[in-house]
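Me: I have a structure open and would like to go through it piece by piece. Can we start with how the helices pack?

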Amino acid sequence: MAATQVKASEAAPATGALILIAEDAPEIAEILAAYLARSGMRSVHAADGARALELHLSLKPDLVLLDIQMPQVNGWQVLAQIRQRDNTPVILLTALDQDVDKLTGLRIGADDYVVKPFNPAEVVARVEAVLRRSLPREEREDRRILRVPPLVIDFEQHEAVAEIDGVSHTLVLTLTEFKLLAQLARSPRRVFSRAELLATCLPEGDTLERTVDSHVSKLRKKLEDLGLAGIPVSIRGVGYRFQQGG
């Protein structure tokens, strides 16, 4: 895989979209996740086809980067099952470069096809292009900035601001704290389990659900320092919710 760096001036506008990377090679998944993050996108990794289907069902990603040669359930089967559920955009990643394989993928319902080895910057550009085609303009623009009073979350700038009594306060957050805040704020009344937050917001090296509690505690303290008490809300035995109320 080419190791070309993405220049800031070349990066596409951030969308805050969630990308499911279904890839059994961890080094490839890590590189793709890093390049997606530079373009303002979130990602979650599945190392086999069965896990990819689980995460697709539970997290409803905006797009799937799908390796064909996957263990347990191969990419063709994953794609077919995704298409039975909905129209989530899918870009196939594969070492198979025969025209018949490309045609098979497109006929099953893939939106694009990238042959390995690939330039990760090109993959991100293709992701941006597919998302532009699949989302209305208004929805794409709405995804860049999320307003959940009193917070304004800017995915393009990776910045969260609290607007209190007419004064804007910028929160100094770690990347993990920002991801947790953004994930919870997207569905403020939904309860997210620790497992969900671990999968979508924490580095792959973190595998313990109690690690989520530590990061949430630090995030809550920073919000409390601004007078925003009780955010996020702890739901005993389940996980966390952004707002009070059901």
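Me: At what angle do the axes of helix α7 and helix α9 cross?
Reply: In this predicted model, the axes of α7 (residues 175-186) and α9 (residues 210-224) cross at roughly 80° and come within 10 Å. Helices (H or I, at least four residues) and strands (E, at least two) are DSSP runs, numbered from the N terminus. Axes are lines fitted to C-alpha atoms, for helices over the stretch in contact, with angles from 0 to 180 degrees between N-to-C directions.

Me: What does that make them to each other, α7 and α9?
Reply: Roughly perpendicular, therefore, α7 and α9. The cut-offs are under 35 degrees for roughly parallel, over 145 for roughly antiparallel, 65 to 115 for roughly perpendicular, and oblique for the rest.

Me: Which residues make the contact?
Reply: From α7 there are Thr176, Glu177, Leu180 and Leu181, and from α9 His215, Val216, Lys218, Leu219, Lys222 and Leu223. Contact means heavy atoms within 4.5 Å. By class, the contact has five nonpolar, two polar and three charged residues. Ala, Val, Leu, Ile, Met, Phe, Trp, Tyr, Cys and Pro count as nonpolar, Asp, Glu, Lys and Arg as charged, and the others, Gly among them, as polar.

Me: Before going on, what are the ground rules for numbering and confidence?
Reply: Residues are numbered from 1 along each chain as its sequence is written, and side-chain values use heavy atoms, with hydrogens and water left out. As this is a predicted model, local features need pLDDT of at least 70 and side-chain atom pairs count only at pLDDT 80 or more, while totals for chains, interfaces and linings use all residues.

Me: Next helix. How many residues of α8 are buried?
Reply: Six of the eight residues of α8 (residues 194-201) are buried, and the helix is mostly covered. Buried means under 20% relative accessible area, exposed over 50%, partly exposed in between (1.4 Å probe, protein chains only). The buried residues of α8 are Arg194, Glu196, Leu197, Leu198, Thr200 and Cys201.

Me: What covers them?
Reply: The cover includes β2 (42-46), α2 (49-59), α7, β10 (192-193), α9 and β12 (239-241).

Me: What else does His56 touch?
Reply: Not counting residues up to four places away in sequence, His56 touches Leu20, Pro61, Val64, Ile82, Arg85, Asp86 and Thr88.

Me: On to the strands. Where is Asp67 found?
Reply: Asp67 is in strand β3 (residues 63-67). Asp67 counts as buried, at 3% relative accessibility. The side chain of Asp67 makes a polar contact of 3.3 Å with the side chain of Lys116. Beyond its neighbours within four places in sequence, Asp67 is in contact with residues including Ala22, Gly75 and Leu93.

Me: And Ala22, which strand is that in?
Reply: Ala22 belongs to strand β1 (residues 18-22). Ala22 is buried too, with a relative accessible area of 0%. Ala22 and Arg51 are 29 residues apart in sequence and 8.4 Å apart in space, C-alpha to C-alpha.

Me: Now the loops. Which peptide bonds are cis?
Reply: A cis bond joins Pro149 and Pro150, with omega about 5°, and another runs from Ile231 to Pro232, with omega near -5°. Pro150 lies in the loop between β6 (145-148) and β7 (151-154), and Pro232 in the loop between α9 and β11.

Me: What is phi of Lys60?
Reply: Near 50°, a positive value in a residue other than glycine. Lys60 is in the loop between α2 and β3 and counts as exposed at 61% relative accessibility.

Me: Last one: how much of the chain counts as buried?
Reply: Of its 246 residues, 46% count as buried.

Methods: A polar contact is a pair of N or O atoms within 3.5 Å; within protein, one must be able to donate a hydrogen and the other to accept it, and residues adjacent in sequence count only if both atoms are side-chain atoms.
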